[in-house]
Structures are given as C-alpha cells and as structure tokens.
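Below are some notes on the structure, as numbered points. They begin with the salt bridges and then turn to the ligand site.

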Amino acid sequence: MQTGGTEVAYLKSIQECEIISIEQIAPQIFDMWVKNDVLAAQARPGQFVHIDCGDATDNFLRRPISICDVKSNAVRILFEVKGSGTAALACKKAGDVLDMLGPLGNAFTVLEQYRRPLIIGGGIGIFPLYLLAKQFSEAQVFLGFRCCERVVMEQDFKNVAKELHITTDDGSYGYHGYAVELLERKLAAKEGDIIYACGPLPMLRATKALAEKYNVKCQLSMEQRMGCGIGACLVCTCETTSKGANHYKRVCKNGPVFWSDEVTLNG
Ligand SMILES: Cc1cc2nc3c(=O)[nH]c(=O)nc-3n(C[C@H](O)[C@H](O)[C@H](O)COP(=O)(O)OP(=O)(O)OC[C@H]3O[C@@H](n4cnc5c(N)ncnc54)[C@H](O)[C@@H]3O)c2cc1C
C-alpha cells in the first residue's frame with residue numbers, strides 16, 4: 001500500500017458532523033442523528049464511520065460505528081456504551097460537533113437476482129442491517145437479543161421488513177432461543193435466496209455453517225476491534241480462505257462485509 005495514498009484517503013474522509021439529536025433508547029443504548037451532506041449522499045448499507053470520541057488518552061483511537069440509516073442531509077448511528085469511547089459519545093449533546101471518518105469499508109452487495117433476503121443480526125450487529133433491509137420489499141429479518149430490555153429498533157424493522165422475528169436468549173420477549181434457529185427453519189422451507197448477517201462471532205459461525213448446509217449465498221459483516229480504520233495499521237486483520245499473501249485481510253478496508261466462504265471465522 002502507498003502511504004501517500006492512505007494519507008489522502010484519510011484526509012478526504014474526515015467529516016464534521018453536528019449532532020441533531022441524541023436519545024437513550026435502552027440501557028446503555030443511544031440513538032443519534034448527525035448532520036452531514038457527504039455521509040448522507042455516499043453511505044451504503046454495511047459501511048461505517050470512525051469517530052473521534054474525545055481527547056482523553058483512552059480515546060486516542062477512533063471508534064467504528066455502523067451507519068444505521070440516512071436521510072437527505074443526515075446520518076443515524078446507534079451505539080452501546082461499552083468502554084471509555086462510547087461513554088464519551090453518550091455524553092454529547094445536540095449541537096456538539098463530532099469528527100468522523102467515513103463512509104468507510106465496503107458495503108453489503110445487493111444483487112438484482114437475489115431479492116428475497118434472510119437478514120439476521122444480533123445485539124449491536126443489528127444496526128447496519130436496517131439500511132440494508134430498506135433496500136428490499138421482501139426481506140425476512142431475524143433479530144436476536146439477550147433479553148427483553150435490550151430489544152431495540154423493533155418498530156423500525158417492522159416498517160421495512162416483510163417479516164420480522166425477534167428472539168431473546170432468556171425468552172423474556174419473542175421467540176425463546178437463538179435467531180439462527182428461526183433462520184434454519186426458513187432455509188429448510190426453501191425460503192430466501194441470500195443471507196446477510198451481522199452479530200457476535202458464534203452467530204456468524206452458525207450462519208456461515210447454515211449457508212453451506214443449504215447452499216445459499218451469504219454475506220457476513222465482522223465487528224473486529226480496529227485501529228486506524230483505513231487499512232494502514234493491520235490491527236483488524238481476519239483470516240480468510242485465500243492462500244498466500246491474501247490469507248489475512250483487513251476488516252476495515254477489505255470488509256467489514258465478506259462473503260461467508262471467504263472468511264474462516266477462526267479468530
Ligand atoms: C465495522 C464495525 C462496526 C461497528 N458498529 C457498531 C455499532 O453500530 N454500534 C455499536 O454499539 N458498536 C459497533 N461496533 C463496536 C464498537 O466499535 C465498539 O463497541 C467500540 O469501539 C468500543 O469502544 P469503547 O471505547 O466504548 O470500549 P473499549 O474500552 O474500547 O472496549 C470496551 C469493551 O468492548 C469490547 N470491544 C471493543 N471493540 C469491540 C468490537 N469491535 N466488537 C466487540 N467488542 C468490542 C472490548 O473488548 C472491551 O471488552 C462496531 C465495530 C466495528 C468494527
């Protein structure tokens with residue numbers, strides 16, 4: 001990779017984003033709209049922004065957050081407070097200006113011949129799937145959460161999906177069990193012609209295995225820990241099925257979306 005090219009890409013991606021609104025919608029989960037014409041015009045489902053969360057030493061590195069929705073001049077992100085970066089983000093107010101890099105990463109591939117997607121997400125992995133589900137009129141969506149209190153965006157997905165299935169690990173809301181169990185029922189009934197997934201590694205592994213079992217095309221979005229976000233630092237590499245120099249790829253630049261048969265999900 002050319003260092004100069006990376007620097008130019010970095011500088012071109014910097015966006016100043018004024019916060020329009022920020023709202024807590026569940027324990028530790030925040031829903032934020034920011035104003036930015038470039039992001040709104042360019043963002044595609046599956047891409048993310050890399051956010052400068054503040055000047056504390058802990059937050060020297062930007063934090064990647066998926067683009068959840070767009071409208072004419074604004075972008076929506078949802079985030080869960082995990083550590084210092086997202087905690088700093090949660091303290092921001094409407095009118096504050098955030099420095100974001102983006103839109104970054106590759107997007108989900110939406111193909112004319114696959115119009116009946118099965119879309120599966122878990123936890124914070126559901127956020128990039130909303131903009132994706134909006135691209136289809138026949139999306140069947142499966143969202144898995146730990147428990148009732150963590151269920152978010154139900155109405156949003158209901159508005160755009162042909163079918164929405166909510167599952168909770170503890171059975172406190174929706175189907176008691178894992179979203180992949182419902183996904184398998186649909187695959188066994190020969191419903192759906194492509195799978196899109198984003199969520200925790202065990203969910204991605206199970207989804208990849210189902211795609212192989214039922215011979216259905218499948219794209220996975222990986223939420224690896226990241227450094228630079230633009231392909232320079234190699235913090236976020238993942239193992240792929242390619243041999244030789246391409247055996248490891250960068251999630252931030254070659255992903256976060258991969259075809260399921262491209263990645264091993266060993267890590
Ligand atoms: C492409 C991409 C898109 C993402 N989209 C979203 C999103 O839309 N909404 C959202 O809430 N989060 C999203 N994440 C995860 C988010 O980036 C991390 O939760 C965040 O960086 C944590 O930063 P922090 O400073 O709050 O926590 P840290 O102090 O950095 O970490 C706190 C805890 O979170 C864990 N953690 C950190 N990064 C990740 C990660 N990438 N995945 C899982 N656990 C992690 C750490 O291991 C640690 O246990 C995304 C990650 C990637 C790579």
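1. Glutamate 163 and lysine 186 form a salt bridge, with 2.9 Å between the closest N and O atoms. The pair joins distant parts of the chain, 23 residues apart: glutamate 163 sits in strand β10 (residues 163-168) and lysine 186 in helix α6 (residues 179-188). Bear in mind that this is a predicted model.

2. Glutamate 163, at 23% relative accessibility, counts as partly exposed.

3. Lysine 186 also takes part in a salt bridge with glutamate 191, at 3.6 Å from N to O. Glutamate 191 counts as partly exposed, at 28% relative accessibility.

4. Glutamate 262 and lysine 249 meet through their side chains in a salt bridge of 3.5 Å, N to O. This pair, too, links distant parts of the chain, 13 residues apart. Lysine 249 belongs to strand β15 (residues 248-250), while glutamate 262 lies in the segment after β16 (257-259). On burial, lysine 249 counts as buried at 17% relative accessibility, and glutamate 262 as partly exposed at 22%.

5. How many salt bridges does a search of the whole structure find? The count is 13. Elsewhere, Asp31, Arg76 and Asp156 are linked in a salt-bridge network.

6. The ligand is surrounded by 19 residues, the closest being Arg63, Pro64, Gly85, Thr86 and Arg225. By type, the shell comprises eight nonpolar, six polar and five charged residues.

7. Which elements each supply at least two residues of this shell? They are β4 (63-66), β6 (74-80) and α3 (84-90). The largest share, four residues, comes from β4.

8. Why does the ligand lie between two domains? Both domain 1 (3-103) and domain 2 (117-259) give residues to the shell around the ligand, so the ligand lies between them.

9. An N or O atom in the side chain of arginine 63 is 2.6 Å from a ligand oxygen, and one in the side chain of threonine 86 is 2.3 Å from a ligand oxygen. Serine 66 places a polar side-chain atom 2.9 Å from a nitrogen atom of the ligand. Taken alone, the ligand exposes 870 Å², and the protein buries 80% of that area.

Technical notes. Residues are numbered from 1 along each chain as its sequence is written. This is a predicted model: local features need pLDDT of at least 70, side-chain atom pairs count only at pLDDT 80 or more; totals for chains, interfaces and linings use all residues. Side-chain values use heavy atoms; hydrogens and water are left out. A residue is near a molecule or strand if one of its heavy atoms lies within 4 Å of it. A polar contact is a pair of N or O atoms within 3.5 Å; within protein, one must be able to donate a hydrogen and the other to accept it, and residues adjacent in sequence count only if both atoms are side-chain atoms. Accessible areas come from the Shrake-Rupley method with a 1.4 Å probe; for residues, only the protein chains shown count as cover. Ala, Val, Leu, Ile, Met, Phe, Trp, Tyr, Cys and Pro count as nonpolar, Asp, Glu, Lys and Arg as charged, and the others, Gly among them, as polar. Domain bounds come from an automatic or database domain assignment. A salt bridge is a side-chain nitrogen of Lys or Arg within 4 Å of a carboxyl oxygen of Asp or Glu. Buried means under 20% relative accessible area, exposed over 50%, partly exposed in between (1.4 Å probe, protein chains only).
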